Amino acid sequence: MGESHDMVTRCMSFTLTEQFMEKFVDPGNHNSGIDLLRTYLWRCQFLLPFVSLGLMCFGALIGLCACICRSLYPTIATGILHLLAGLCTLGSVSCYVAGIELLHQKLELPENVSGEFGWSFCLACVSAPLQFMASALFIWAAHTNRKEYTLMKAYRVA
């Protein structure tokens, strides 16, 4: 008689230290060696959203300073920070998808489990283009205002 391996499926929450644990070549087998690609993809998909959030908050502070100082240069900086935040969000989504695909190559899904992306994944996919659009709008606004400011200055001199 062969051994029967019944897989038990249940949701578990991970602590912060467990988020950074190494992934193994053979999932669940600590003697199979560390799978560096899956390990770093997992870490990046965990850290990049926080980097993106930090860039967005820093951009908001710089945008507030731009409003108070009535200067154009902070608006460009805000646009660049939004662009970097969008890249971080896009990188996070890409790392997640790549990590899941690599895991599915090693493990088959149990019969009663569906492997579909959820609503939070869809929100992340929508947020990256929105961040890029916000970046483009900030940079465009700074560029447009600079032209108008230069024209007004030339008119005053004349």
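1. Helix α2 has a kink of about 25 degrees at L47, shortly before the proline P49. The bend at a residue is the angle between axes fitted to the seven residues ending there and the seven starting there. Helices here are DSSP runs (H or I, at least four residues), numbered from the N terminus.

2. A word on the basis. This is a predicted model, in which local features need pLDDT of at least 70 and side-chain atom pairs count only at pLDDT 80 or more, while totals for chains, interfaces and linings use all residues. Residues are numbered from 1 along each chain as its sequence is written, and side-chain values use heavy atoms, with hydrogens and water left out.

3. Length of α2. The end C-alpha atoms of α2 lie 47 Å apart. Its 34 residues should span 50 Å at 1.5 Å a residue, so the two values agree. The expected span is 1.5 Å times one less than the number of residues. After α2 comes R70, with a positive phi near 55 degrees.

4. Burial along α2. Buried residues in α2 include R38, T39, L41, R43, S52, G59 and A66. Buried means under 20% relative accessible area, exposed over 50%, and partly exposed in between (1.4 Å probe, protein chains only).

5. T39. This α2 residue has a relative accessible area of 1%, so T39 is buried. Apart from neighbours within four places in sequence, T39 is in contact with M21, E22, K23 and I34. Contact means heavy atoms within 4.5 Å.

6. R43. R43 also sits in α2, residues 36-69. It is an arginine that counts as buried because its relative accessibility is 16%. Beyond its neighbours within four places in sequence, R43 contacts F20, M21 and E22.

7. W42. W42 belongs to α2. At 27% relative accessibility, W42 counts as partly exposed. W42 touches Q19 and K23, residues up to four places away in sequence not counted. W42 and G99 are 57 residues apart in sequence, yet 6.5 Å apart in space, C-alpha to C-alpha.

8. Nonpolar patch. I80, L83, L84, L87 and I139 make a nonpolar surface patch of about 390 Å². Patch residues have over 30% relative accessible area and no salt bridge; nonpolar side chains (Val, Leu, Ile, Met, Phe, Trp, Tyr) are joined within 5 Å, like charges within 9 Å. A salt bridge is a side-chain nitrogen of Lys or Arg within 4 Å of a carboxyl oxygen of Asp or Glu. Helix α3 (residues 73-106) gives the most to the patch, with four residues. L83 is in α3 and, at 36% relative accessibility, counts as partly exposed.

Methods: Helices (H or I, at least four residues) and strands (E, at least two) are DSSP runs, numbered from the N terminus. Accessible areas come from the Shrake-Rupley method with a 1.4 Å probe; for residues, only the protein chains shown count as cover.
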